[in-house]
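Here is a friendly briefing to read alongside the model. Please keep the structure open and follow the residues as they come up.

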Amino acid sequence: MKFGKTFETHLTIEWRQQYMRYTDLKTMIRRGVDGAPTGEGGATDADISAYYIAFEEQFFTECMHELTRVNNFFLEKLAEARRKHATLKLQLLASARAPGHTFSSYSLQSSQRLPSMVSLRDNNSGSNRKLMTQRQLRNAYSEFYLTLVLLQNFQSLNETGFRKICKKYDKYLRSTSGNDWLEQNVNPAAFTDQRPLEKLIIDVEELYTYYLAGGDRSRAMTKLRVPPLGQPTPPRMVFRAGLALGMFIMLACTTIFSYIRRPPEEKNIEAFIRLYRGPFTWVIFNFFMAANVAGWQRAGVNHVLIFEIDPRSHLQPATFLEIACTFGLLWTLSILGFLFHDLINVQDPFVFPLALTLIMITLLINPLPIMNWPARWWTMRLVGRVVTAPLHYVRFADFWMGDQMNSLVTCMADHYYIVRFYAICWLRYANVIFCFDEDMFVPISRCLPAWFRFAQCLRRFRDSGSKSVSYLLNAGKYSTTFFVVFFSTMRGRTDDGYANTFSNPYTWFFILSYIISTIYCYAWDVIKDFGIFKIWRGEHLFLREKLVYPQAFYYFVIVENLVLRCFWAVELVVLYHKLITPYNIKTCASILEITRRFIWNYIRLENEHLYNCGKFRATRDIHLASLNAQQERMLENMMGETDGTDPGGSSTRHADERRRLAKEYF
């Protein structure tokens, strides 16, 4: 692989603007060589010499500009890392010495390694500041170690980039000026000195080993180690996903053929649709999630950071695909059992939907450390935070999950029908059609996702110090759902008393509320969630300055989002003319809404990713307990000690003293 491709593949996306512009410099060299005057064109030796002198001055001026930007950014991040390291060390030792905090005896003995910190317990006991727990310290050190690794990668890529671009300059222009400039400017630069960063990394490894891993270095490195950059999906994972996908496609075709040739009894068709539509929604949702993750990775959108997932244990697209296919296999097998229950001597076909639901729930909540337990636990915690929205600080992942649940509202209502059917109707009545009539809890279940997001917006408004009106406007958007559900319910309850549905005043209230909700939600999508309609002339008309995806995709999303949001009008007309049964049109509406949300996810996360890039945020935030004045002075002293360098060292180092990128990068 050429270095230019390697450079783009391994750089930290959120810091892209701070890396040297290797490709631009390489293009500049080629254009300089191609545009050079020649003797055949009538140029004299003096003209040729003057051209190359001017080009050399221009090229190395540009290189110096790149070097200054890279060096300044590195020094800024290094200073930030030193302060975080010193603050974490203070918190670690204070927690280790504080009474009532459970640290291993090994780590307490090892705290004597830093005698300058003996008075830390007294300093901390004099203040009423809350200490970080051992778990919080582990998470903070794990994230801080990732920051150091990314900064080390920033060092290596830029140093190698400058070395290669200077070598390329000498090769194309048959000169030694590139090597001379490298020795005079790059080698003495601060960002090429690996020692300060290596010292921080070693110190973090030792502190984590002694204080947080009981002296077990292998255990410590398991928690700290970061996966190699650009690591491909393991072949066995791809094989499993491909095998599951092939089996699902085969069984899905068999299921469709079987349903056509041997449909359920007429009295059981509505029950069949209701009981299987909810699980099918989860199958589709997981397929879309696999496509979302693959698309984010391909476009360079760092979804792992946005969702604040540990980069050491996040799921690959192949894993999402395997999960979707596994659920799909269970769904198709259950349907085949329902259709052929009499042939396998099962009297009651409704055993199969129940088994499917219980198996899917068990696979999700099973507490055993198998089948991607960290991801399942993260999902369950996230759903729990959404359900108890007003009680927690709202992060991006929280309101993202709330938005997904708003698109799964039909699925949630279907699961309520499943619970009600098996709790009340099953085994009690021969005719089960009436078991799927709407009761008072159905509109409540349709309002719950909107309520979760409504409560989250109010909580964010409260946490912002009641300063951001946009949170209240966002809450107003979700409140429109309450009116839509209310008028829809009243319309359904009173339609029988009118000649047709348009004679019912609640129908017009329903249409008006849905029009307001559609306009409100669409405007919020394109302006706030997508961040577009910021440019009204020029190349990016109706879009914004920075785009990650092809420009045509944004115009497609603008139209697609509006069309799918207006599908309720199509549904209203179809039901009025009785062209399709209500549960079939509702199934189509549910799938289209999930599809709209699937496309929405691409642009929403891209917008958040661009925000992180603007803030140069490449790792999760580390929330540290505040320090008192005396601890701040100790922190400054510790940082001064960290800044000290070996007096015997020289500012110029030989090439073999600097650590290069490992061979697997090239």
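Phenylalanine 502 is partly exposed in this predicted model, because its relative accessible area of 29% falls between the cut-offs of 20% for buried and 50% for exposed. Its partner in an aromatic pair is tyrosine 576, which is partly exposed as well, at a relative accessible area of 37%.

**Aromatic pairs**

- How many aromatic pairs does the structure hold? The count is 60.
- Another edge-to-face pair is formed by phenylalanine 396 and phenylalanine 399, with ring centres 5.0 Å apart and planes at 70°.
- Phenylalanine 396 and phenylalanine 399 are both in helix H16 (residues 396-407), where three residues, or about one turn of the helix, separate them.
- Are phenylalanine 396 and phenylalanine 399 buried or exposed? Phenylalanine 396 is buried, with a relative accessible area of 9%, and phenylalanine 399 is buried at 7%; both values are under the 20% cut-off.

**Charges over rings**

- Lysine 528 places its charged end over the ring of tryptophan 524, 5.9 Å from the ring centre.
- Arginine 597 does likewise with tryptophan 600, where the charged end is 4.5 Å from the centre of the ring.

**Nonpolar cores**

- In soluble globular proteins, nonpolar side chains tend to be buried together.
- The largest nonpolar core has 59 residues, and the members that touch the most others are Phe59 and Phe162.
- Several helices give two or more residues to this core, among them helix H1 (3-10), helix H2 (22-34), helix H3 (45-97) and helix H7 (177-186). Helix H6 contributes the largest share, 16 residues.
- With neighbours within four places in sequence left aside, phenylalanine 162 is in contact with Met20, Cys63, Glu66, Leu67, Val70, Trp181, Leu182, Val186 and Phe191.
- A second, separate core holds 43 residues, including Met289, Phe396, Ile532 and Trp600.

**A buried asparagine**

- Asparagine 71 is part of helix H3, and it counts as buried because its relative accessibility is 16%, under the 20% cut-off.
- Beyond its neighbours within four places in sequence, asparagine 71 is in contact with Ala189, Ala190 and Phe191.

**Helix H17**

- The buried residues of H17 include Thr410, Asp414, Arg420 and Tyr422, together with Cys411, Ala413, Phe421 and Cys425.
- The buried residues of H17 pack against four named helices: helix H11 (269-299), helix H14 (351-365), helix H18 (441-463) and helix H23 (582-614).
- Leucine 427, which follows H17, has a positive phi near 70°.

**Positive phi in loops**

- Most residues other than glycine have a negative phi.
- Arginine 174 is not a glycine, yet its phi is positive, at about 50°. Arginine 174 is found in the loop between H6 and H7 and is exposed, with a relative accessible area of 81%.
- Phenylalanine 533 also has a positive phi, of about 60°, without being a glycine. The loop between H20 and helix H21 (551-565) contains phenylalanine 533, which counts as partly exposed at 25% relative accessibility.

**The chain as a whole**

- The secondary structure comprises 24 helices and zero strands.
- Of the 666 residues in the chain, 49% are buried.
- Among contacts with a separation of 6 or more, 76% join residues 24 or more positions apart.
- The accessible surface of the chain is about 34000 Å², and carbon and sulfur atoms account for 60% of it.

How values were computed: Residues are numbered from 1 along each chain as its sequence is written. This is a predicted model: local features need pLDDT of at least 70, side-chain atom pairs count only at pLDDT 80 or more; totals for chains, interfaces and linings use all residues. Side-chain values use heavy atoms; hydrogens and water are left out. Buried means under 20% relative accessible area, exposed over 50%, partly exposed in between (1.4 Å probe, protein chains only). Contact means heavy atoms within 4.5 Å. Rings of Phe, Tyr and Trp (its six-membered ring) pair if their centres lie within 6.5 Å; planes under 30 degrees apart count as stacked, over 60 as edge-to-face and the rest as tilted. A charge sits over a ring if NZ of Lys or CZ of Arg is within 6 Å of the ring centre and within 35 degrees of the ring normal. A nonpolar core is a set of buried Ala, Val, Leu, Ile, Met, Phe, Trp, Tyr and Cys residues joined through side-chain atoms within 4.5 Å. Accessible areas come from the Shrake-Rupley method with a 1.4 Å probe; for residues, only the protein chains shown count as cover.
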